[in-house]
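Here's a quick briefing to read alongside the model. It starts with one chain as a whole, then turns to a few individual residues.

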Amino acid sequence: MTQNQIKVPEAPSIGAMLKTSIVGLQANNDQVNSFKVQVKNLNFYYGSFRALADISLGFPENQITAIIGPSGCGKSTLIRTLNRMSDLVPRARVEGQVLLDNENINTSDVDVVNIRRRVGMVFQRPNPFPKSIYDNVTYGPRLLGVRNKKVLDEIVEKSLRGAALWDEVKDKLHESGLALSGGQQQRLCIARMVAVEPEVVLMDEPCSALDPVATIKIEDLMRTLRNNYTIVIVTHNMQQAARVSDYTAMMMMRPDRAGEMIEFNQTRTIFTNPHDKCTEDYVTGRFG
Amino acid sequence: MSVITAIKLKKRTSRWSELVRRLEHGDVIFRLLTLAAGMLVILAAIGIGFELWQNSARPRAEFGFDFLVGTNWDPVIEDFGALPFLYGTLQTSLFSLLIAVPIGLGIAIFLTELAPDWLLQPVGFVVELLAAVPSVIFGLWGLFVFVPVVVKPFAQFLNGTLGWLPIFEGPVFGPSRLAATLILSIMVLPTLVAISRDVFLAIPPSQREGALGLGATRWEMITQNLIPYGLSGILGAVILALGRAMGETIAVTMVIGNNLDLSASLLHPGYTMASLIANEFTEATTDMYREALILIGFVLFGLTLLVNIIARLLVWRVARRIPTESRA
């Protein structure tokens, strides 16, 4: 185990408040103002099937929160409600509140496009567009109307540096993004997202298609991104959650197959002194 | 020694039994059959071209390359030129694509990106049904319903408002190149829709998620991601449609008016190579006349071949510029 690598969050007040389990958390809801994103009583239905049951959870600002749990417990479903990517699922219905800066984004009158610009997403498999590296990074800024070549050049350099990819690609910016290796492609996708300057970064198992070396690079990158963004990562890899995250939410499947959140706490606590027996069994590798 | 090893050893000792085994299991036979099927296509194409060339020696000797630019077609004095037909074929097929491509792409995009689930199957089915309607039915319907009810009023409107443009010059006729163009655009629609729909369906959902996740609207996703991604496939669909439009015979013959005409106007009656052959083949009494018609066939054959080669090159260039397979 690599607990000694876990960074203790700088703000002790948030840590103190979150030290309690989810029950305490809900009780203290109105005192906690530093949640960038908050989910309240969220239920998710695929047709008549309930995939998420009464999820309530907050994601602290400028921290990395990992969502862990066995396959099929609704981790990806949950993360996709945070930027309304869940809209793309046919016959899906989301009930409850998703608060971004205390504003509910789970309403029909909200501008989804704007939400997705504020809440960026990195996917399971790298999905660069079949365009040049340069065009991949400038895709978002161009949508926002940036046309000035000089400005775009600056954005490209800044974003690629931000994604720790600049040195590897600076001489081939106009070559296809698909010619890069898997790990580089994923960092290109991060650069592409960073270029639109989101406030929150969602990562849905960003390393599951990558080799260990590429994985470590992405994890290092996440630690730097943490200074500017609120990061939520779904991962199957418990060591990864332990290595990179500040907070961890543990999800489980109920007997009716709906996903529920059973424990939320500082990552250190989840991995060393979990309150819930299920969490303990899961993080110690007894199942999952 | 295991049984399997024993069998392998035994088999290897006898070349005859090895041959029998291969024949029994069909590998050789199957390969030969598929090879023969593949060869048949090439032979048929070469055979057609060769026959058309062989049987058109007389007009080739008489007119040479002037056949392509000759504007007269007079069987009585045996003066034959292909230009009016070449022009009619190209004008009607290109204009029909101009109309059909945006509509076909629109239908395909609607079906794959926007339509609710329950609408996808029925609309797809109707579009494919359209492909199964015999072209003579299109011709009949065109002649008796479409031309008088839709084409003629539309032509009068075009002539009235945009008559100063050469392509909408009067006088207005019912049967015209416009009628042929419109009929053709309906007829090539199923090809366009079916292929481009499959192209869009084959684009991985991760591309859509990537675009939408960056704050693209659906419109931006479609125009900036999906269409560029599927461009080579879409071009393929357009080429197939163009081939269909250039070769279409009966429906066009019934509505185009069959008139030698080289004016720019779409509203005038015209003639295509395919409809000329269909109309006059039974009347071709002299060798020269018959062979001139065959030469027209050869020109049409060559034109479709040329269009296909150009299109292949285009698709190939586009496909090379936009790699679609991710290495990861």
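Chain B has 15 helices and two strands, where helices are DSSP runs of H or I with at least four residues and strands are E runs of at least two, numbered from the N terminus. Keep in mind that this is a predicted model, in which local features need pLDDT of at least 70, side-chain atom pairs count only at pLDDT 80 or more, and totals for chains, interfaces and linings use all residues. Residues are numbered from 1 along each chain as its sequence is written, chains are lettered from A and ligands numbered from 1 in the order written, and side-chain values use heavy atoms, with hydrogens and water left out.

**Chain B overall**

- The radius of gyration of chain B is 26 Å, while a compact globule of 328 residues would come in near 20 Å; the radius is taken over C-alpha atoms, and the globule rule is 2.2 Å times the number of residues to the power 0.38.
- Its C-alpha trace spans about 90 × 65 × 35 Å along the principal axes.
- Of the 328 residues in chain B, 41% are buried (buried is under 20% relative accessible area, exposed is over 50%, and partly exposed is in between, using a 1.4 Å probe and protein chains only).
- Take the contacts in chain B between residues at least 6 apart in sequence: 74% of them join residues at least 24 apart, with contact meaning heavy atoms within 4.5 Å.
- On the charge side, chain B has 22 positive and 23 negative charges, and their mean positions sit 18 Å apart. Lys and Arg count as positive and Asp and Glu as negative, leaving out His and the chain ends, and each charge is placed at NZ of Lys, CZ of Arg, CG of Asp or CD of Glu.

**R15(B)**

- R15(B) belongs to helix 2 (residues 15–25) of chain B, and it counts as exposed because its relative accessible area is 76%.
- From R15(B) to L68(B), 53 residues along the chain, the C-alpha atoms are 61 Å apart.

**Chain A overall**

- Chain A contains twelve helices and ten strands.
- Buried residues account for 57% of its 288 residues.
- For chain A contacts between residues at least 6 apart in sequence, 68% link residues at least 24 apart.
- The accessible surface of chain A is about 11900 Å², with 47% belonging to carbon and sulfur atoms.

**N43(A) and D54(A)**

- N43(A) sits in strand 1 (residues 35–46) of chain A, and D54(A) is in strand 2 (residues 49–60).
- N43(A) is buried because its relative accessibility is 8%, whereas D54(A), at 44%, counts as partly exposed.
- The N43(A) side chain reaches the backbone nitrogen of D54(A) at 3.0 Å.
- Leaving aside residues up to four places away in sequence, N43(A) touches R50(A), L52(A), A53(A), D54(A), R93(A), V94(A) and E95(A).
- D54(A) isn't a glycine, yet its phi is positive, near 45°.

**A164(A)**

- A164(A) also has a positive phi in a residue other than glycine, near 55°.
- You'll find A164(A) in the loop between helix 6 (149–162) and helix 7 (166–169) of chain A.
- With 43% relative accessibility, A164(A) counts as partly exposed.

Key. Polar contact = N/O pair within 3.5 Å; in protein donor to acceptor, adjacent residues only side chain to side chain. Areas by Shrake-Rupley, 256 points an atom, 1.4 Å probe, with all protein chains shown as cover.
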